[in-house]
Amino acid sequence: MIGEIINKPLILIPSKHIFLISHMRANTSLFGHLIGSSNEVSGYYEMHIGYYSWKSLYRQKLLYHSIHKKEPVTKYYFDKILHSEHEINIELVNNYNFNIIFMLREPERTIKSICKLYRRVDSKNKLSSVEGAADYYINRLLDIELFADKIDDYQRCVYLDAECLINNTDESLFFLKETLNLKEKLSSEYKQFELTGKKKFGDSSLNINAGHVIHPDKNKYGDIIIDPNLTKKCEDVYFNVRNKLVNKCQYHLIK
């Protein structure tokens with residue numbers, strides 16, 4: 001990665017960082033493409049790394065530019081954290097120039113989407129079952145709640161319902177532009193990147209390759225049935241965590 005510093009010494013200048021704290025199948029690939037299409041932002045997919053000290057912030061930039069050698073150094077660097085094993089040290093959040101965006105999606109379609117994905121790519125994974133997907137969903141939301149409780153300053157925190165990106169796209173994009181202090185208008189038409197649609201780099205379905213926001217088929221999970229009691233359990237966690245985030249964050253947009 002030394003080559004990246006030699007070729008792009010501006011990497012050494014501290015940047016602003018945008019972190020999306022969310023969970024799987026919450027329109028996060030769409031979010032990354034929408035914001036990553038801005039000329040002010042580098043990054044559009046989950047980098048699968050943790051952030052433990054200021055060194056991790058430079059690691060993020062160096063890793064990104066080692067993969068995308070032609071991309072310029074920008075003011076903002078984006079990553080999304082969807083799994084609890086990828087930790088963000090709370091001291092970084094409280095002491096560095098971060099923007100934290102929390103985004104949750106309602107449980108029923110999220111769980112069905114997780115099941116459908118894993119039944120296609122890894123049918124032996126526990127996430128291919130309704131119970132396994134629900135367990136991930138509940139635990140992830142509880143971990144997000146714990147993380148949020150440790151933040152000192154919520155003025156740099158934003159909450160967004162995942163459904164707003166699709167159902168209220170223009171309003172969501174204006175909201176993000178304003179709350180993140182971006183100079184450029186965000187567009188519902190986004191770039192097709194080098195890793196768009198690739199496995200392990202976000203959504204690998206045809207939807208993300210559309211290049212614009214589309215409304216998904218509401219009937220595509222008809223073969224996946226969730227016990228009403230399990231749905232209720234997930235909904236209780238969702239509404240509890242969501243309400244706490246909405247009340248904590250300085251800015252929020254809900255459906």
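Glutamate 106 has a relative accessibility of 34% and is therefore classed as partly exposed, a term covering the range between buried (under 20% relative accessible area) and exposed (over 50%), with a 1.4 Å probe and protein chains only. In this predicted model, local features need pLDDT of at least 70 and side-chain atom pairs count only at pLDDT 80 or more, whereas totals for chains, interfaces and linings use all residues. Residues are numbered from 1 along each chain as its sequence is written, and side-chain values use heavy atoms, with hydrogens and water left out.

Glutamate 106 is paired with lysine 255 in a salt bridge, with 3.4 Å between the closest N and O atoms; the criterion is a side-chain nitrogen of Lys or Arg within 4 Å of a carboxyl oxygen of Asp or Glu. Glutamate 106 belongs to the loop between β4 (98-104) and α5 (107-121) and lysine 255 to the segment after β6 (251-253), so the contact ties together parts 149 residues apart in sequence. Helices (H or I, at least four residues) and strands (E, at least two) are DSSP runs, numbered from the N terminus. Lysine 255, at 43% relative accessibility, is also partly exposed.

Lysine 112 is buried at 13% relative accessibility, while glutamate 108 is partly exposed at 38%.

Helix α9 (residues 228-248) holds lysine 232 and aspartate 236, likewise four residues apart and separated by about one helical turn. Their salt bridge has its closest N and O atoms 2.9 Å apart. Lysine 232 is partly exposed at 46% relative accessibility, and aspartate 236 is partly exposed at 40%. Salt bridges with shared partners also link Glu106, Asp161, Glu163, Arg242 and Lys255 into one network. The count of salt bridges comes to nine.

The protein chain contains nine helices and six strands. Its radius of gyration, taken over C-alpha atoms, is 18 Å, close to the 18 Å from the globule rule for 255 residues, so the chain is as compact as a globular protein of that length; the rule is 2.2 Å times the number of residues to the power 0.38. The C-alpha trace spans about 55 × 40 × 35 Å along its principal axes. Of the 255 residues, 53% are buried. Among contacts (heavy atoms within 4.5 Å) with a separation of 6 or more, 77% involve residues 24 or more positions apart.
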